[in-house]
Amino acid sequence: MVSAVDHPDASTINLPSEDAGTDASASPSPSLSPSRSSSPSRSPSSRLSSSPTGRSHTRNRARAIRTLSLLAALLSALCAGSVTIFSLYAPLLQARLRYSQLAVNGLAAAASAAMYLPVPLLGYLCDRAGPRPLALLAAASFGAGYAGAAVAYRGACARVGNGDGIGVGDGDGGRGEEDASTSGGGGGGGGLGPAAQGWYVLMVLAFLAIGVGTCSMYMSAVATCAKNFGRGKHRGLAVAGPIAAFGLSGMWLSQVGSRLFAVPGGEEGEVDVFRFFVFLAVLLVVVGVIGAFGLTIVNEKDLIEEAVEELERSGILDGSAMFTPGRSENGYGTVERSDPFDEMEDAGIKDPEEEEARLKKQWVLNAETRRFLADHTMWCFALGFVLMIGPGEAFINNVGTVIKTLYPPTLHLADKPTLAATHVSIIGITSTAVRLLTGTLTDLLAPSPKARHVQITTTRSNNNNNNSNNDSKLALRPISRVAFLLFFALLLSLGLALLASGFAQAHGGRLWVVSALVGAGYGAVFSLAPIIITVIWGVENFATNWGIVAMFPALGAALWGAVYSAVYQAAAGNGNGNGDGNGNGGGGGGGQGEGEQGNLCYGQACYAPAFWGMAASVWIACGLVLWAWKGRNGWAQRGIVV
C-alpha cells in the first residue's frame with residue numbers, strides 16, 4: 001500500500017482498502033504508478049488537507065459545492081423544457097400565419113432533431129470538459145433561437161395582414177383573423193400561405209437553435225447530478241430529480257404563457273406569441289449564465305481513480321500499458337517503451353500531474369465508450385427507447401391540434417372547450433410526479449449492484465453475489481428497474497390507444513385521461529432509461545452513454561410527427577374540414593369556403609390511424625427491451641443487476 005507521503009494526491013484520492021490493495025498489486029494501477037509516486041516535498045495545502053481539520057474543511061467545502069451545483073442544476077432543468085410547450089402556440093401558427101399542419105410539424109421536427117441529434121457530441125464534451133461550456137452554449141442558443149422566432153413571427157404577421165393583431169399588439173382578434181384568411185391564401189390543407197412563406201426559413205433556424213439550447217441545458221443539469229450523487233444508494237432519485245424538473249418546466253411555462261401573456265380580448269388560452277418568445281429568450285439566457293458559474297462536478301478525479309482501479313481488478317483494462325514504462329511487442333520484436341510522463345517533463349509541460357490526470361481520464365472514458373458501443377443489448381435498449389419516446393413526443397407536440405379536431409365549428413358546446421395549456425400542464429404534472437416516483441421506488445425496491453461503476457459480471461453466481469447486499473435493505477424480492485420501465489410503457493400505449501379509439505371525440509373533457517396516461521408513461525420512460533444506463537454502465541462516462549441513446553428519439557419523433565401530419569392533411573382534403581365531430585365531413589372540399597378553416601381538420605379520421613400506429617410502436621419497443629433483459633446473452637444471463 002502506498003502511503004500518503006509517497007503520493008502527492010493521496011489526500012484527495014480514496015485509496016483502496018487493504019483487500020483492494022492486494023488485488024491492485026496483481027494488476028498495477030496507473031494511479032499508484034511508482035514512476036509518478038515520489039515527490040521531494042509537499043505543499044502547505046497538501047499538509048493541511050491531510051490533517052483532521054483540513055479533511056473536515058475539505059468535506060464541508062465539497063458538500064457546499066455539491067449543494068450549490070444541485071440548486072443550479074434544478075434551476076436549469078426547471079427552465080430547459082420550454083420546447084415542450086410548443087403545442088401552446090402551434091394552433092396560432094396555423095391560424096395567424098397560415099401554416100399547414102405539415103409546416104407546423106416541420107418546426108416541431110426541427111426542434112426535436114436539434115434537441116436529440118447533437119446529444120452524443122454534447123455528452124462527449126460534457127464528460128471531458130465539464131458542464132459549464134454546455135451551460136454557456138445553452139444561453140447563446142436559447143437567446144438567438146427565441147429572439148429569431150419572435151422576429152420571424154412578427155414579420156410573418158405583418159406580411160399576412162395581421163398588423164397588430166393577435167400575437168402582436170392590440171389583440172383585435174376578429175380583424176386579424178379575417179385578414180389572415182383573405183391575405184394568407186391557402187386552404188384545403190395546402191402548404192404555407194405565400195405571405196408567411198418568406199419568414200418560415202428563419203423560423204426553422206430559430207427552432208433548430210432552441211433545440212440545441214434545450215439539449216445543452218438538459219444534459220449539463222442531468223450529468224452534474226448523476227456524477228455528484230449517482231454512486232450512492234439514492235442514484236435513482238439523483239438522476240430522476242433534474243429529469244422531473246425538466247418535465248415540470250412545461251407545466252409552469254405554459255401557465256405563465258397563457259396567463260401573463262394572454263391576448264387582451266382574445267379567446268381563452270390564446271398567447272401573445274411575440275412577447276412570450278421575448279420573455280423566454282431573456283429568461284433562458286440568464287439561467288444559462290447562472291449554470292455556467294454554478295454547475296460543478298465535485299471530486300471528479302476520485303471518480304476516475306475508482307473507475308480505473310475497479311476496471312483493472314476486473315482484468316478489462318491494463319493500466320501499466322499506458323501509464324508505466326516497460327517493454328512492448330510488435331510484429332518485429334520487443335522494444336522498450338518510455339515513460340509518457342517523463343516525456344511530458346522533457347517537453348516542458350508545467351504540470352505533469354495535471355496532464356497525467358487528463359490522460360488517465362481520457363483513457364478510461366474512451367475505453368468505456370468502446371465497451372458501451374460493443375454491447376449488443378445497448379442497441380436493443382436504444383431502439384426500444386426510440387419506439388417508446390417517439391409516440392409520446394408526437395402526442396405532446398400535437399395535443400393542441402388534436403384538441404381542435406374534437407370541436408368542429410358546427411358543434412355548439414354548453415361548456416368551454418378544453419385548452420391546450422391545460423393539457424400541457426396535465427402532462428407536465430403527471431410526468432414530473434412519475435419521474436420522482438420511479439426514481440424513489442427503484443432506489444427502494446430495485447436490486448443494487450455492488451459495483452459503483454460499469455458492471456462486468458458475466459455469470460449467474462456473480463449475480464447472486466451482487467444481490468446479497470439487498471437482503472438487508474428489503475425483505476421482499478427486489479423488483480427490476482426494467483419491470484418498472486415496461487409497466488409504464490404499457491400505460492403510455494394505453495393512452496394512445498384510447499385516443500385512437502375515439503374515446504375523447506366530441507367529448508373533450510375526457511382528453512385529460514389520455515394526457516395523464518401519456519404524461520405518466522413518457523415521464524417514467526425518460527426517467528428510467530438514464531437510471532438503467534448508470535446502473536449497468538456507470539456514471540463516469542454517463543453523458544456520452546446517455547447521449548448516444550438519447551440521440552435516437554429524434555428519429556421516432558420526426559417519423560410519428562410526419563405520420564400524424566400526413567393523416568391529418570389527408571383527412572382535411574377528404575372532406576373532414578367542416579364535419580360533425582365524428583369524422584363525417586360536411587362537404588365543400590374540406591371547408592375551403594370557411595376562410596381560415598380550409599387547412600384545418602375535424603373528426604376522428606384526422607388522427608386515429610396515426611395513434612393506432614403509435615400504440616403498436618410502443619408494444620414492439622416493450623418486446624425489444626424484454627429481449628435485452630431476458631433474451632440470449634442478455635442482462636439476466638450475464639448476471640447484470642438491474
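## The disulfide

C601 and C606 are both buried. In this predicted model, a disulfide joins C601 to C606, with an S to S distance of 1.9 Å. The structure holds one disulfide. A disulfide is a covalent bond between the sulfur atoms of two cysteines. The link of C601 and C606 is left-handed, with -80° about the S-S bond.

C126 has a relative accessible area of 0%, so C126 is buried.

## Helix 16 against helix 20

Helix 16 covers residues 376-406, and helix 20 covers residues 511-537. Their axes come within 10 Å. They cross at roughly 155°. Angles over 145 degrees count as roughly antiparallel, so helix 16 and helix 20 are roughly antiparallel to each other. The crossing of helix 16 and helix 20 is left-handed.

The residues of this contact divide by class. Helix 16 with helix 20 gives 20 nonpolar residues, three polar and one charged.

## Helix 20 against helix 21

Helix 20 also pairs with helix 21, residues 542-551. The axes of helix 20 and helix 21 come within 10 Å and cross at roughly 130°. Helix 20 and helix 21 are therefore oblique to each other. Their crossing is right-handed.

On the helix 20 side, the contact is made by F526, A529, P530, I533, T534 and W537. Helix 21 contributes F542, N545, W546 and V549. By class, the contact of helix 20 with helix 21 has eight nonpolar residues and two polar ones. It has no charged residues.

With helix 16 the crossing is left-handed; with helix 21 the crossing is right-handed.

Most residues other than glycine have a negative phi. R98 has a positive phi, near 65°, and is a residue other than glycine. R98 is found in the loop between helix 4 and helix 5. Helix 4 covers 86-97, and helix 5 covers 101-116. The relative accessible area of R98 is 3%, so R98 is buried.

N633 is not a glycine either, yet its phi is positive, at about 55°. N633 is found in the segment after helix 24, which covers 608-630. The relative accessible area of N633 is 40%. That value lies between the 20% and 50% cut-offs, so N633 is partly exposed.

R98 is buried, whereas N633 is partly exposed.

## G148 in helix 7

G148 sits in helix 7, residues 132-160. G148 has a relative accessible area of 13%. This is under 20%, so G148 is buried.

Which residues does G148 contact, leaving aside its neighbours within four places in sequence? They are L202 and A206. A281 is 133 residues from G148 in sequence. In space, G148 and A281 are 9.4 Å apart, C-alpha to C-alpha.

Methods. Residues numbered from 1 in each chain as written. Predicted model: local features only at pLDDT ≥ 70, side-chain atom pairs only at ≥ 80, totals over all residues. Heavy atoms only, no water. Axes fitted to C-alpha atoms, helices over the stretch in contact; angles between N-to-C directions. Helix = DSSP H or I, 4+ residues; strand = E, 2+ residues; numbered from the N terminus. Parallel < 35°, antiparallel > 145°, perpendicular 65-115°, else oblique. Left-handed = near helix turned anticlockwise from the far one by under 90°. Nonpolar A, V, L, I, M, F, W, Y, C, P; charged D, E, K, R; others polar. Disulfide = S-S within 2.5 Å. Buried < 20%, exposed > 50% of the residue type's maximum accessible area, 1.4 Å probe, protein only. Contact = heavy atoms within 4.5 Å.
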